[in-house]
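Me: Hello! I am new to this structure and would like to walk through it with you, one question at a time.

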Amino acid sequence: MNKKGKLFVISGPSGVGKGTLVTEILKRNQNIKLSVSVTTRFPRPGEKDGVNYHFLTKEKFQSLIDNNELIEWAQFADNYYGTYEKVVNEVLEQGYDLIVEIEVQGALQIKSKRPDAVLIFILPPSIEELKDRLERRRTETAEVIAKRLAIVDSEYAKKDRFNYQLINDRLDASIEELENIINKERFINA
Ligand code: 5GP
């Protein structure tokens with residue numbers, strides 16, 4: 001019998017460390033794949049098309065929406081982000097688990113379409129720490145940071161709709177905690 005993979009949705013405010021956690025999980029688990037999202041934002045230095053994101057024009061993004069090719073999509077701080085439905089279906093059918101690392105509105109869209117998806121909300125130790133992290137990252141302008149911080153309250157308001165909440169304080173402890181959640185969920189209904 002071919003066992004289907006499990007869908008893990010890693011979400012939470014910008015700057016909380018989702019990307020770092022996901023990178024570490026993927027390094028340690030060959031059977032977990034990552035969905036490469038589509039976005040209309042410009043690549044940051046060092047980002048590669050098809051690796052970090054599929055970078056698209058607004059017109060192309062709109063055509064993906066119109067053709068129902070996205071399982072979820074959202075506007076976030078002036079840009080659009082979305083996840084290909086076909087990729088999600090294919091990876092899970094092949095029996096691999098799949099991580100999508102997305103913002104909160106998209107995570108909840110997935111939950112309503114796929115109630116069996118496991119939603120994990122990553123929290124910073126505090127809002128001050130989140131602000132420091134975004135500033136230290138130096139990938140966004142002050143204006144963009146302000147926009148991202150302005151929506152944190154509305155993101156927090158939705159965190160109880162997630163299956164798990166994880167405070168990303170010490171990285172090694174957070175990786176272990178996330179890995180424990182994933183392993184536990186993988187073997188439920190196995
Ligand atoms: P960034 O511009 O920093 O790469 O991403 C901004 C936010 O968009 C992050 O919270 C990131 O997780 C989220 N994001 C990335 N890909 C997707 C996606 O496919 N769908 C949604 N809804 N959010 C995404």
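This is a predicted model: local features need pLDDT of at least 70, side-chain atom pairs count only at pLDDT 80 or more; totals for chains, interfaces and linings use all residues.

Me: Which residues of helix 1 make the contact with helix 8?

Reply: On the helix 8 side, the contact uses Leu171, Ser174, Ile175, Leu178, Glu179 and Ile182. By class, this contact has six nonpolar, two polar and three charged residues. The helix 1 side is made by Thr20, Leu21, Glu24, Ile25 and Arg28.

Me: How are helix 5 and helix 6 oriented towards each other?

Reply: Helix 5 (residues 127–137) and helix 6 (residues 142–150) have axes that come within 11 Å and cross at roughly 150 degrees. Angles over 145 degrees count as roughly antiparallel. Therefore helix 5 is, relative to helix 6, roughly antiparallel.

Me: How many charged residues are in the contact of helix 5 with helix 6?

Reply: Helix 5 brings Leu130, Lys131, Leu134, Glu135 and Arg137 to this contact, and helix 6 brings Ile145, Arg148 and Leu149. Divided by class, the residues include four nonpolar and no polar ones. The number of charged residues is four.

Me: What is the relative accessible area of Thr39?

Reply: Thr39 has its place in strand 3, residues 38–39. Not counting residues up to four places away in sequence, it touches Tyr53, His54, Phe55, Leu56, Phe61, Tyr80 and Tyr81. Thr39 is buried, and its relative accessible area is 0%.

Me: How far apart are the C-alpha atoms of Thr39 and Phe61?

Reply: Thr39 and Phe61 are 22 residues apart along the chain. Phe61 is also among the residues that Thr39 touches. The separation of their C-alpha atoms is 7.5 Å.

Me: Is Asn68 buried or exposed?

Reply: Asn68 lies in the loop between helix 2 (58–66) and strand 5 (70–76). Its phi is near 55 degrees, a positive value in a residue other than glycine. With a relative accessible area of 64%, against a cut-off of over 50%, Asn68 is exposed.

Me: What is the phi of Asp78?

Reply: Asp78 is found in the loop between strand 5 and strand 6 (79–84). It is partly exposed, with a relative accessible area of 44%. The phi of Asp78 is positive although the residue is not glycine, with a value near 80 degrees.

Me: What is the radius of gyration of the protein chain?

Reply: The protein chain has eight helices and nine strands. For 190 residues the globule rule gives 16 Å, and the chain's own value is close to that, so the chain is as compact as a globular protein of that length. Its radius of gyration is 16 Å.

Terms used. Residues are numbered from 1 along each chain as its sequence is written. Side-chain values use heavy atoms; hydrogens and water are left out. Axes are lines fitted to C-alpha atoms, for helices over the stretch in contact, and angles run from 0 to 180 degrees between N-to-C directions. Helices (H or I, at least four residues) and strands (E, at least two) are DSSP runs, numbered from the N terminus. Angles under 35 degrees count as roughly parallel, over 145 as roughly antiparallel, 65 to 115 as roughly perpendicular and the rest as oblique. Contact means heavy atoms within 4.5 Å. Ala, Val, Leu, Ile, Met, Phe, Trp, Tyr, Cys and Pro count as nonpolar, Asp, Glu, Lys and Arg as charged, and the others, Gly among them, as polar. The radius of gyration is taken over C-alpha atoms; the globule rule is 2.2 Å times the number of residues to the power 0.38. Buried means under 20% relative accessible area, exposed over 50%, partly exposed in between (1.4 Å probe, protein chains only).
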